[in-house]
Amino acid sequence: MFMIYGITDCPSCLYAQALLMEKDKEYAFVSMDFSPSYREKVKRDFDWETFPIIVRHNGENLNDFTVIGGFTELRKSLLWDPMVGQST
């Protein structure tokens, strides 16, 4: 399951949601629209400067997660084929 921390009208946030839907991946979107101070906290906590900030949860425990990064990193992680060593 993926978590997208983003801003509603952010193009990269929308692209990330569309890609996850296309790949039939579950995700939740956390809107940061009206929380400037929380946006800064999330950036610090995940050590990522731009939105979206995309996190993959690795099981039932919400504290077990991997920071994917932004849309570009999500795209690379979902399209990478380790069997051929290239993007598909």
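Reply: What follows takes the labels one by one, on a model that is predicted.

Me: Why is His57 called buried?

Reply: The cut-off for buried is under 20% relative accessible area. His57 has 12%, so His57 counts as buried. His57 is placed in strand β3. Leaving out residues up to four places away in sequence, His57 touches Met1, Met3, Leu62, Asp64 and Phe65.

Me: Why is Arg75 called partly exposed?

Reply: Partly exposed lies between the two cut-offs, under 20% for buried and over 50% for exposed. Arg75 has a relative accessible area of 44%, so Arg75 falls in between. Arg75 belongs to helix α3, residues 71–79. The C-alpha atom of Arg75 is 7.8 Å from that of Ala16, and the two are 59 residues apart along the chain.

Me: What makes β2 and β4 the edges of the sheet?

Reply: Start with the order, which is β2-β1-β3-β4 in an open sheet of 4 strands with mixed pairing. β2 (27–31) and β4 (65–69) each have a single partner strand, so one side of each lacks a neighbour in the sheet. From one strand to the next, the twist averages 25 degrees.

Me: How do you know that β1 and β3 pair?

Reply: Pairing needs at least two bridges between the strands. β1 (residues 2–6) and β3 (residues 53–57) are joined by 4 bridges, so they qualify. They run antiparallel. Tyr5 stands opposite Ile53 in β3.

Me: What makes α3 a helix that packs on the sheet?

Reply: Contact means heavy atoms within 4.5 Å. α3 touches β1, β3 and β4. The direction of α3 makes about 110 degrees with that of β4.

Me: How do you know that the span of α1 is close to the expected one?

Reply: Helix α1 covers residues 11–22, which is 12 residues. From the first C-alpha to the last, α1 reaches 16 Å, and 16 Å is expected at 1.5 Å a residue. Just after α1, Asp24 has a positive phi of about 55 degrees.

Me: Why are the buried residues of α1 said to line one face?

Reply: Cys13, Ala16, Gln17, Leu19 and Leu20 are buried in α1. Viewed down the axis of α1, the buried residues fall within an arc of 165 degrees, so they line one face. An α-helix has 3.6 residues a turn, so residues three or four places apart point the same way. The buried residues of α1 pack against β1, β2, β3 and α3. Tyr15, Met21 and Glu22 are exposed, on the face of α1 turned away from its buried side.

Note on methods. Residues numbered from 1 in each chain as written. Predicted model: local features only at pLDDT ≥ 70, side-chain atom pairs only at ≥ 80, totals over all residues. Heavy atoms only, no water. Helix = DSSP H or I, 4+ residues; strand = E, 2+ residues; numbered from the N terminus. Buried < 20%, exposed > 50% of the residue type's maximum accessible area, 1.4 Å probe, protein only. Axes fitted to C-alpha atoms, helices over the stretch in contact; angles between N-to-C directions. Expected span 1.5 Å × (residues − 1). Arc of directions from axis to C-beta.
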